[in-house]
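Me: Hi! Could you walk me through this one while I have it open?

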Amino acid sequence: MFRHKLLLAAILLYPASAAMADRFDDLWSEGHQWLEPAGITKPMFRSLTIWSEGQYFLGYCGGYLPGSDIAVWRNWWSKTIIPHSAVGRELLDRGAALYSRGVDDGKSAPPAKEFCRRALDAWSQDINAANLVAHAK
């Protein structure tokens, strides 16, 4: 089963060897002192970390997606508070780097359409669910 590992948070807050999906609460505990003053709530941080991992898949599988879909998910954060702080911009930059890496990997080893469909379907369900929670808080 496809499972998010919260790669962005790991890069910023934890050594790369940590198991991120199982440690989200730990990540929040370690990083909330930088995130909360910037207005980034725990539900928003969860959305942001899921968004970041999805950036890799958007880049990697971009050949199977309409450009309009990619644009929406590349700029999901544009109407949030995230880009208004240094920590928020750093997190967004990490997501952009993951997107670029996905594009490069997709060029060097093109993905299978079925893999991309499953990965992006699972990711979009996760990000949409996380966004619903973030907006409800």
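**Disulfide and surroundings**

Reply: Happy to! Cys61 and Cys116 are joined by a disulfide, S to S 2.1 Å; the term covers a pair of cysteine sulfur atoms within 2.5 Å. This is a predicted model, where local features need pLDDT of at least 70, side-chain atom pairs count only at pLDDT 80 or more, and totals for chains, interfaces and linings use all residues. Residues are numbered from 1 along each chain as its sequence is written, and side-chain values use heavy atoms, with hydrogens and water left out.

Me: Thanks! How many disulfides does the structure hold?

Reply: It holds 1 disulfide. The pair links distant parts of the chain, with Cys61 in the loop between α3 and α4 (67-74) and Cys116 in helix α6, 55 residues apart. Helices here are DSSP runs (H or I, at least four residues), numbered from the N terminus.

Me: Which hand does the link of Cys61 and Cys116 have?

Reply: The link is left-handed, with -80 degrees about the S-S bond.

Me: And are Cys61 and Cys116 buried or exposed?

Reply: Both Cys61 and Cys116 are buried. Buried means under 20% relative accessible area, exposed over 50%, and partly exposed in between, using a 1.4 Å probe and protein chains only.

Me: Switching to rings: how many aromatic pairs are there?

Reply: There are 7 aromatic pairs in the structure. One of them is Tyr60 with Phe115, edge-to-face at 6.1 Å centre to centre and 80 degrees between the planes. This pair also links distant parts of the chain: Tyr60 sits in helix α3 and Phe115 in helix α6 (residues 113-136), 55 residues apart. For the cut-offs, rings of Phe, Tyr and Trp (its six-membered ring) pair if their centres lie within 6.5 Å; planes under 30 degrees apart count as stacked, over 60 as edge-to-face and the rest as tilted.

Me: Why does Tyr60 count as buried?

Reply: Tyr60 counts as buried because its relative accessibility is 18%. Phe115 has 33%, so Phe115 counts as partly exposed.

Me: What about helix α3, how far does it reach?

Reply: α3 has 19 residues and reaches 28 Å from first C-alpha to last, close to the 27 Å expected at 1.5 Å a residue. That expected span is 1.5 Å times one less than the number of residues. Of its 19 residues, 17 are buried, so α3 is largely enclosed by the rest of the structure.

Methods: Helices (H or I, at least four residues) and strands (E, at least two) are DSSP runs, numbered from the N terminus.
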